[in-house]
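Open the model in your viewer and keep the sequence panel beside it. The stops below say what to select next and what is there.

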Amino acid sequence: MKPNTARPSAKRRVRSGVLAIAVVAGLSLAGCGGGEEGASKQLLLGHGASPTNPRSEAATFFAEQVAENTESAVTVQVQGAEQLGSDAEMMVSLASGTLDMTANSQGVVSTSVPEVALFGLPFLFESSKHAHTVVDGPIGDEIAAKAEEEGFKVLAWWDNGIRHITTGDTAINTPEDVAGLKIRTPEDPMTIDIFNALDANPTPMAFNELYLALQQGAVDGQENPIPNIHANALHEVQDHLALTGHKYEVTPLIISTTAWDSLSAEQQEAVQTAADEARDMQRDLMEEQTEELRTELEDSMEITTPELAPFREATTGVYDKWSADYPEFVEQIVDEADATRADFQG
């Protein structure tokens, strides 16, 4: 993401995003035939990822599969790269009915469904594949049920990868190296808790503002999975990448229950099948890009592999905090992760 000196103000960008949602939503509703049985339906799906990101590619693939599975009785119009606003703005639009679907961020969704944040407990998973065995199991289904109570049906838990820390001047090898640094985080309470535990200064910021903030030194570093770091060219304004793997994140693919209920049972089955197919494709892309791009980043960044035991010790209090509010869920997700941990170690 290169800086754009002519970038519109945040207020103007939000207004433009809301207008875009309203215009496209009007077209979507016009194609729904008033919800009549057998009428063609058009769903509007928004996301914030750049075109080369696995989230973006999976959204396009999902739309293609929905059209194929329903013989175009249901179509999905995809608007990516924050064309419909930020992740937070798209969740508001989903709730208000001006947006049907979104492939959104874990942190933003957790503001409506706090239990979603538990997938990001520090050092919970050994790898993304380890995480998949848990999020696709009973705990994932229970958290999806919580989301449905709030009006959001989770079609699939797509992948947002294992997250690492990048910095400008400071190489990260110990928790002490993180202390005092201004680290950009998403608006995600779990991530903020993790970096508070590391004595950093977590600084929530919209992702589309991050490149310029790093370039100008407004923040010292940030944390993201490798494909996000590369797709948004953060390696151009950061010198160090520490493979901390401090948390995992899902990308919830969600549809409003209103939009879901407007589909026939046959259409729902077709959309769900497409979501599962896109999930598998997206996860494969994340894994491929993580390996390929890590090697590529070695040409432009100093990559370190810190000893993780001190980081785990420093963040144990995060488990205590979340256990106080969600004791049964925390116990269940930890038990499920521990039950399969040995299969993914080494």
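## Stop 1: a threonine in a strand

Select Thr 203, which counts as buried because its relative accessibility is 16%, under the 20% cut-off for that class. The model you are looking at is predicted. Thr 203 belongs to strand S6, residues 201–204. Show its side chain and look for the backbone oxygen of Asn 201, which the side chain of Thr 203 reaches at 3.0 Å.

Next, display what surrounds Thr 203. Neighbours within four places in sequence aside, Thr 203 is in contact with Lys 182, Ile 183, Arg 184, Thr 185 and Val 219. Then put a distance label between the C-alpha atoms of Thr 203 and Asp 220: the separation is 9.9 Å, for residues 17 apart along the chain.

## Stop 2: helix H8

After H8 comes Asp 199, with a positive phi near 60 degrees.

## Stop 3: helix H15

Now select residues 327–341, which make up helix H15. From first C-alpha to last, the 15 residues of H15 reach 21 Å, close to the 21 Å expected at 1.5 Å a residue.

Which residues of H15 are buried? They are Phe 329, Val 330, Ile 333, Glu 336, Ala 337 and Arg 341. Turn the view to look down the axis of H15: the buried residues fall within an arc of 140 degrees, so they line one face of the helix. In an α-helix there are 3.6 residues a turn, so residues three or four places apart point the same way. On the other side of H15, select Glu 328, Glu 331 and Ala 339, which are exposed.

## Stop 4: a histidine facing H15

Stay with H5 and pick His 130, which lies in that helix. Is His 130 buried or exposed? His 130 counts as buried because its relative accessibility is 0%.

Two polar partners can be displayed here. The side chain of His 130 reaches the backbone oxygen of Ala 337 at 2.9 Å. A polar contact of 3.3 Å also joins the side chain of His 130 to that of Thr 340. Leaving out residues up to four places away in sequence, His 130 touches Leu 124, Phe 125, Ala 337, Thr 340, Arg 341 and Phe 344.

## Stop 5: the largest pocket

Switch to a surface view. The largest pocket has a volume of about 780 Å³. Its lining has 31 residues, and those nearest the centre are Glu 126, Ser 127, Ser 128, Ile 162 and His 164. Two or more lining residues come from each of H5, strand S4 (152–167), helix H10 (226–231), strand S8 (240–256) and helix H12 (265–297). H12 gives the largest share of the lining, 7 residues.

## Stop 6: the whole chain

Finally, zoom out and show the cartoon. The protein has 15 helices and 9 strands. Of its 346 residues, 53% count as buried. Among contacts between residues at least 6 apart in sequence, 75% join residues at least 24 apart.

Note on methods:
Residues are numbered from 1 along each chain as its sequence is written. This is a predicted model: local features need pLDDT of at least 70, side-chain atom pairs count only at pLDDT 80 or more; totals for chains, interfaces and linings use all residues. Side-chain values use heavy atoms; hydrogens and water are left out. Helices (H or I, at least four residues) and strands (E, at least two) are DSSP runs, numbered from the N terminus. The expected span of a helix is 1.5 Å times one less than its number of residues. Buried means under 20% relative accessible area, exposed over 50%, partly exposed in between (1.4 Å probe, protein chains only). The arc is that of the directions from the helix axis to the C-beta atoms. A polar contact is a pair of N or O atoms within 3.5 Å; within protein, one must be able to donate a hydrogen and the other to accept it, and residues adjacent in sequence count only if both atoms are side-chain atoms. Contact means heavy atoms within 4.5 Å. On a 1 Å grid over the protein atoms alone, a cavity is a set of points where a 1.4 Å probe fits but cannot get out, and a pocket is an open set with protein on both sides within 12 Å along at least five of seven lines; lining residues have an atom within 4 Å of a point. Grid points are joined across faces, edges and corners, and a volume is the space filled by probe spheres set on the points.
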